[in-house]
Amino acid sequence: MVLDAAGRQRVCAAVLGAFLADAATMPLHWIYDPAKVQSLLESKGKAAEPEFFPQPSCPFYDYALGRLSPYGDEAYALLQYAAAHPDVDGPGLTEHLVSFFKAYDGRLNGTAKKLVESWEGGARFPDAAAEDTQAHAIVKVPVLVARYGGTPQLAERVEAAVRSQQNSDVAVAMGQAAAAILERVVVQGSSVGEAIAWGMQPGNVPEAVREQVAPFLGDTTPSLHSMVHEITKAPSCTLPGALTNALYCAATSSGYVDNTRRNIVVGGDNCSRVLFGGALWAAAEGEGVLPEAWKQQVPLYPELERLVDELLSDLDGVLSSVRQLERRLPPGTVYPYIYLNDRPFTPEFKRAVTAAVDAPSFFGLVPREHWSYPKHINQTRAAELREAARRHMPYGGSESYRFMCRYFSGFFFDHPLLAGFDFYWRVEPDVHFTCNLERDPFRVLQQRNASLAWTIVMSEVPATIPSLWPTTQQWLAANPQHLAPNSLLPAFLEDGDDEAAGWGPFSLLRRWRSEQHSEDSGGGGEDGRQPWLTRQYTGCHFWSNFEIGRLSFFRSEAYRSFFEHLDDAGGFFYERWGDAPVHTLAAAALLDRSQVLWASDIGYKHGSWAHCPLDPESRSRCDCSPYYDTQPGRQPACQRDFLNRLAALEAAAASTSE
């Protein structure tokens with residue numbers, strides 16, 4: 001599955017959140033009398049915080065505190081297999097489960113016993129599995145959505161995984177329905193309520209499941225206790241009751257922690273319910289919602305993180321990108337690759353990417369202090385604003401995305417592995433380089449004394465940066481000495497008169513220079529203020545997933561001062577400032593126009609946007625289609641707008657120099 005940063009975070013949260021909620025619930029698993037659950041909690045003063053009850057009291061097994069339940073262990077076996085294999089196939093998973101169950105030191109349920117017995121009797125997939133309709137099907141869903149969400153293979157792979165342990169059409173349909181609903185949260189970014197409502201509409205999940213489950217989800221006024229014990233009368237692990245009650249609890253909870261606690265207190269088979277419901281809410285809220293105190297109580301948690309990293313590894317996308325880039329560089333060009341991550345890279349990742357290229361490869365860890373909150377940020381306020389933004393903008397609810405944007409805005413250039421380098425080229429997974437390069441881009445920047453090269457200009461979502469430009473204006477007003485005399489800033493600022501005139505080539509720069517001259521003479525703009533204080537930012541920016549730059553620019557006193565001012569304002573966390581507009585505004589203000597280059601000879605594609613060189617001479621060295629650049633509707637509006645403004649600036653500059 002190819003995911004953006006926010007999607008990847010939702011997937012990671014879903015899987016880890018499912019396991020963490022299961023471990024938190026395990027001590028009070030399979031107690032079918034809610035009054036007994038309540039009595040136990042009150043005896044330990046845990047009624048308000050029932051998670052990780054200190055005296056495991058399940059009547060069917062005796063596990064140490066912090067361990068996964070038998071359901072969690074089944075999902076763990078699937079995670080092991082999915083992380084180690086390129087595909088989740090029925091025969092292979094069946095064999096893995098048999099080996100896992102034979103070595104298992106905990107409680108084996110009926111399906112596990114039947115699978116081992118049938119296997120040893122010579123049966124194979126799918127005949128070795130029992131015809132069972134319990135909740136094993138839905139506890140597999142988080143891992144399967146992590147691997148196949150957003151692909152046509154999801155339903156097929158759910159069926160294969162379910163039939164490896166339950167050879168039942170009913171169990172398969174229940175698993176597919178649960179997967180479709182979780183996929184909606186993970187891939188589409190829907191809220192939990194939206195995803196469940198979508199799943200109960202005709203045509204979105206297997207109809208037999210919808211008909212059985214939907215009648216219980218239309219009215220959310222009954223208490224969870226009433227729904228589980230009186231209305232559905234399904235506190236056990238039998239389907240469809242287990243799925244119905246997992247969905248009802250998720251739909252009526254306020255968040256991940258609330259969903260976990262309510263599932264614990266209502267009793268019964270709370271572990272299967274919480275594995276699925278926990279995945280839903282963790283995906284919706286993000287990995288930051290998983291309590292650190294809970295993680296510390298699960299000895300297996302670091303191993304779960306490692307396996308999830310392997311499962312979600314960008315390895316295929318990274319290999320695709322670097323192999324393409326290596327093929328496209330001029331012959332004899334060899335530059336090292338530096339890989340940075342907020343978690344250690346797996347040995348498998350290191351081996352694969354090192355073997356993929358002849359160039360040296362280095363692997364670094366982002367310092368914790370650079371991938372976290374600065375001390376002045378009110379984290380409670382930040383969390384509330386993320387929640388409010390979740391449904392209104394891309395990555396609105398993502399904490400990790402904000403860490404990433406702040407890191408690339410203010411710290412990447414100081415990583416020890418970059419010490420001694422003059423230039424960098426930012427390369428993302430799953431991008432495409434579509435032209436053979438005739439010139440070394442680093443040498444081009446060096447020869448032209450340039451500090452930044454770009455290929456595509458995009459527009460930022462306005463709601464993500466409402467105060468970015470005013471905060472930038474504050475810094476410019478306090479530091480006018482850093483504004484480059486021939487900067488690109490006019491090309492990123494709105495001007496109603498110029499727009500109405502269709503961007504006459506002279507008015508913009510002449511007005512700008514007139515205002516600068518007036519300011520130098522003690523005047524300023526039309527209202528006596530400096531010219532950059534009288535304009536609004538267009539929101540256009542150089543798309544930073546392609547970026548070639550000079551590190552000394554970002555290490556300069558001016559840029560560091562600019563970033564520190566932005567960081568102090570808190571917009572990376574209280575809003576959702578991206579590194580692309582930050583880099584763009586800095587380059588536009590601090591660099592001379594000649595120091596910012598359009599890498600127009602480099603063919604590049606990421607997602608649905610692409611740049612393809614238009615000159616006829618490039619056709620023989622490129623595999624792309626210039627359609628993306630020649631058709632107005634096929635290129636970002638900001639690209640056309642910026643190039644028009646840039647042309648106006650260049651023409652005006654040429655005119656005024658004559």
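The lining of the largest cavity has five nonpolar, one polar and three charged residues, where Ala, Val, Leu, Ile, Met, Phe, Trp, Tyr, Cys and Pro count as nonpolar, Asp, Glu, Lys and Arg as charged, and the others, Gly among them, as polar. This is a predicted model, in which local features need pLDDT of at least 70 and side-chain atom pairs count only at pLDDT 80 or more, while totals for chains, interfaces and linings use all residues. Residues are numbered from 1 along each chain as its sequence is written, and side-chain values use heavy atoms, with hydrogens and water left out.

**Cavities**

- Rolling a probe the size of a water molecule over the atoms shows where empty space is left.
- On a 1 Å grid over the protein atoms alone, a cavity is a set of points where a 1.4 Å probe fits but cannot get out, whereas a pocket is an open set with protein on both sides within 12 Å along at least five of seven lines; lining residues have an atom within 4 Å of a point.
- Grid points are joined across faces, edges and corners, and a volume is the space filled by probe spheres set on the points.
- Three cavities of 30 Å³ or more turn up when the whole structure is searched, and the largest cavity holds about 40 Å³ of space.
- Ala 35 sits in helix α2 and counts as exposed, at 51% relative accessibility; buried means under 20% relative accessible area, exposed over 50%, and partly exposed in between (1.4 Å probe, protein chains only).

**The second largest pocket**

- The second largest pocket has a volume of about 350 Å³.
- Of the 21 residues that line this pocket, Arg 448, Val 596, Leu 597, Trp 598 and Ala 599 lie nearest its centre.
- At least two lining residues come from each of α22 (441-447), β5 (452-454), β9 (596-598) and α31 (637-657).
- By class, the lining of this pocket divides into 13 nonpolar, two polar and six charged residues.

**Helix α10**

- In helix α10 (residues 192-199), the buried residues are Val 192, Ala 195, Ile 196 and Gly 199.
- Seen down the axis of α10, these buried residues fall within an arc of 95°, so they line one face of the helix; the arc is that of the directions from the helix axis to the C-beta atoms.
- The cover over the buried residues of α10 includes α9 (169-188), α11 (207-213), α13 (241-251) and α15 (270-285), with contact meaning heavy atoms within 4.5 Å.

**Backbone details in the loops**

- The peptide bond from Phe 125 to Pro 126 is cis, with omega near -5°, and Pro 126 belongs to the loop between α5 (110-120) and α6 (136-139).
- Leu 239 and Pro 240 are also joined by a cis peptide bond, with omega about 10°; Pro 240 is in the loop between α12 (224-231) and α13.
- Lys 233 is found in the loop between α12 and α13; its phi is near 50°, a positive value in a residue other than glycine, and at 64% relative accessibility Lys 233 counts as exposed.
- Trp 30, in the loop between α1 (5-25) and α2 (34-43), has a positive phi near 60° and counts as buried at 8% relative accessibility.

**Aromatic pairs**

- The structure holds 50 aromatic pairs; rings of Phe, Tyr and Trp (its six-membered ring) pair if their centres lie within 6.5 Å, and planes under 30 degrees apart count as stacked, over 60 as edge-to-face and the rest as tilted.
- The rings of Phe 345 and Phe 363 have centres 5.7 Å apart and planes at 65°, so this pair is edge-to-face.
- Phe 345 lies in the loop between β1 (337-341) and α19 (347-356) and Phe 363 in strand β2 (residues 361-365), so the pair ties together parts that are 18 residues apart in sequence.
- Phe 345 is buried, with a relative accessible area of 15%, whereas Phe 363 counts as partly exposed at 24%.
- For Phe 554 and Tyr 559, the ring centres are 5.0 Å apart and the planes are at 80°, so that pair is edge-to-face.
- Phe 554 is buried at 0% relative accessibility, and Tyr 559 is buried at 0%.
- One aromatic cluster includes Phe 554 and Tyr 559, with Trp 371, Tyr 407 and Trp 475 among its other members.

Methods
Helix = DSSP H or I, 4+ residues; strand = E, 2+ residues; numbered from the N terminus.
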